[in-house]
Amino acid sequence: LGLRGWEEVDEKMTVSVTSNVARRASCYQGMGMMRAYGSAFPAISEQMKAMKKASLLSGDDRSGHAATVFGFVCGLLGASDSEACYMHLYMQARDQVSAAVRMNLIGPLEGARVLAVVAAEAKVVVDDRVVEGGEV
């Protein structure tokens with residue numbers, strides 16, 4: 001997509017998130033992801049700097065959503081649509097299970113079992129629904 005394409009998708013994300021709190025949280029997380037991915041993957045550090053600069057220059061604290069940053073990074077690293085979708089679903093499930101373990105709702109072993117089941121289901125959903133180069 002390129003940087004301009006990312007900006008367009010990010011603007012659509014801003015409009016689609018109706019809660020100010022959720023929108024702000026997504027953007028703060030996205031800015032952190034830009035920093036982390038830029039450091040973790042030297043091959044894309046310049047693109048991450050350009051993305052962060054574009055986000056900051058927009059003068060709007062509602063740009064740089066976590067989901068759009070993740071998708072852009074996956075594209076830069078050459079992940080397929082289905083790989084990127086599966087990774088995103090897995091990370092969401094992992095975070096939810098981790099929160100349940102920290103809140104002592106489930107134990108760590110049960111958390112690992114739940115995550116394995118959810119990860120397998122996510123793989124089935126991705127395999128059934130994702131069309132490479134198309135929409136989910």
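Which helix is A112 found in? A112 sits in helix α6, residues 108-129.

1. **What you're looking at.** This is a predicted model, so local features need pLDDT of at least 70, side-chain atom pairs count only at pLDDT 80 or more, and totals for chains, interfaces and linings use all residues. Residues are numbered from 1 along each chain as its sequence is written, and side-chain values use heavy atoms, with hydrogens and water left out.

2. **The overall layout.** Helices (H or I, at least four residues) and strands (E, at least two) are DSSP runs, numbered from the N terminus. The C-alpha trace spans about 45 × 35 × 30 Å along its principal axes.

3. **Surface and contacts.** Of the 136 residues in the chain, 29% are buried. Buried here means under 20% relative accessible area, exposed means over 50%, and partly exposed is in between (1.4 Å probe, protein chains only). The chain exposes about 8,600 Å², and carbon and sulfur atoms supply 59% of that; the areas come from the Shrake-Rupley method with a 1.4 Å probe, and for residues only the protein chains shown count as cover. Among contacts (heavy atoms within 4.5 Å) with a separation of 6 or more, 67% are between residues 24 or more positions apart.

4. **α5 against α6.** Two packed helices are described by the angle between their axes and the distance between the axes. For α5 (81-102) and α6, the angle is about 155° and the axes are 9 Å apart. Axes are lines fitted to C-alpha atoms, for helices over the stretch in contact, and angles run from 0 to 180 degrees between N-to-C directions. The two helices are therefore roughly antiparallel to each other; the label covers angles over 145 degrees, while under 35 counts as roughly parallel, 65 to 115 as roughly perpendicular and the rest as oblique. The crossing of α5 and α6 is right-handed, where right-handed means the near helix is turned clockwise from the far one by less than a right angle, and left-handed means anticlockwise.

5. **Who touches whom there.** On the α5 side, the residues meeting α6 include Y86, L89, Y90, A93 and V97. Their partners in α6 include G111, V114, L115, V118 and A122. By class, this contact has 14 nonpolar, 2 polar and 2 charged residues. Ala, Val, Leu, Ile, Met, Phe, Trp, Tyr, Cys and Pro count as nonpolar, Asp, Glu, Lys and Arg as charged, and the others, Gly among them, as polar.

6. **α4 and its partners.** Have a look at α4 (residues 66-76) next. Its axis and that of α1 (residues 2-16) come within 9 Å and cross at roughly 155°, which makes α1 roughly antiparallel to α4. G2, L3, W6, V9, D10 and M13 in α1 meet A67, T68, V69 and F72 in α4. These residues divide into 7 nonpolar, 2 polar and 1 charged. The axes of α3 (residues 45-57) and α4 come within 11 Å and also cross at roughly 155°, so α3 is roughly antiparallel to α4.

7. **H65, buried or exposed?** H65 lies in the loop between α3 and α4, and H65 is buried, with a relative accessible area of 0%. Leaving aside residues up to four places away in sequence, H65 touches D10, M13, T14, R23, S26, C27 and G30. H65 and Y28 are 37 residues apart in sequence but 7.6 Å apart in space, C-alpha to C-alpha.

8. **N104, in another loop.** N104 lies in the loop between α5 and α6. N104 is exposed, at 65% relative accessible area, and has a positive phi of about 60° although it is not a glycine.

9. **Back to α6.** A112 is partly exposed, with a relative accessible area of 48%. Between A112 and V97 there are 8.2 Å in space, C-alpha to C-alpha, and 15 residues in sequence. R113, also found in α6, is partly exposed at 46%. The C-alpha atoms of R113 and V130 are separated by 25 Å, with the two residues 17 apart along the chain.
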